Amino acid sequence: FMATYTASRPDCFIAFASTVPGKILPVDMGKTSLICQKGAFLCAQDSVNVNISFTKKISSGFFGGEGFILQDISGQGIAFLEVDGDLVEKQLAPGEILKVDTGNVVAFDRSVRYEIETVKGLGNIFFGGEGLFLTKLTGPGRVLLQTQNLAEFAGRVAQFVPTNN
């Protein structure tokens, strides 16, 4: 479902905020179209299209951390993306590969190939602290990353919450 908000008077405006400290990134969709992680889309003008995009590989869906569903954002107008922490923008050359923790991916151009791969080596799996899987992004195209992985952040904060034990 998509809620629509309309200011009732000319001198009114509608504001949105991010859920955690970070940035709200305005993107002119007339100049690009993006595939986003499902939590990145915040809001957009009515002329922007938001559709579901399924990952192509079944392993990405099961092990990628974001499930099978991504969001495909296109059309005309401004879309606003929620970026947890700081924004890191990377322009990948054709064939250039970037491997990153899945929770740090915000969005990428449609021209970027998206896969999930297993971390190699038992030492990396057990002691690396990043989990078993990485997102592999292959250029060409733009990749938007966030410096804060919300799930990891929540886990770190939870260890300081007092319990009744």
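Me: Asp72 lies in strand β5, residues 69–75. Why is that run called a strand?
Reply: β5 covers residues 69–75, and a strand here is a DSSP run of E with at least two residues, while a helix is a run of H or I with at least four, numbered from the N terminus. This is a predicted model, with local features needing pLDDT of at least 70 and side-chain atom pairs 80 or more, while totals for chains, interfaces and linings use all residues. Residues are numbered from 1 along each chain as its sequence is written, and side-chain values use heavy atoms, without hydrogens or water.

Me: Why is Asp72 called buried?
Reply: Asp72 has 15% relative accessibility, and buried means under 20% (exposed is over 50%, partly exposed in between, with a 1.4 Å probe and protein chains only). So Asp72 counts as buried.

Me: What makes Pro21 exposed?
Reply: Its relative accessibility is 62%, so Pro21 passes the cut-off for exposed. Pro21 sits in the segment before β1, and its C-alpha is 6.2 Å from that of Asp84, 63 residues away in sequence.

Me: And why is Tyr5 called exposed?
Reply: Tyr5 has a relative accessible area of 55%, so that one counts as exposed too. Tyr5 is also in the segment before β1 (22–28).

Me: Which residues lie nearest the centre of the largest pocket?
Reply: Tyr5 again, along with Ala3, Thr4, Ala44 and Gln45, out of 17 lining residues. Two elements give two or more residues each, β3 (41–44) and β4 (48–54), and β3 gives the most, with 4.

Me: What makes it a pocket?
Reply: A pocket is an open set of 1 Å grid points where a 1.4 Å probe fits, with protein on both sides within 12 Å along at least five of seven lines; lining residues have an atom within 4 Å of a point. The volume of the largest pocket is about 440 Å³. Its lining has 13 nonpolar, 3 polar and 1 charged residues.

Me: Which residues does the cis peptide bond join?
Reply: Gly139 and Pro140, with omega at about 25 degrees. Pro140 is in the loop between β11 (133–138) and β12 (141–146).

Terms used. Grid points are joined across faces, edges and corners, and a volume is the space filled by probe spheres set on the points. Ala, Val, Leu, Ile, Met, Phe, Trp, Tyr, Cys and Pro count as nonpolar, Asp, Glu, Lys and Arg as charged, and the others, Gly among them, as polar.
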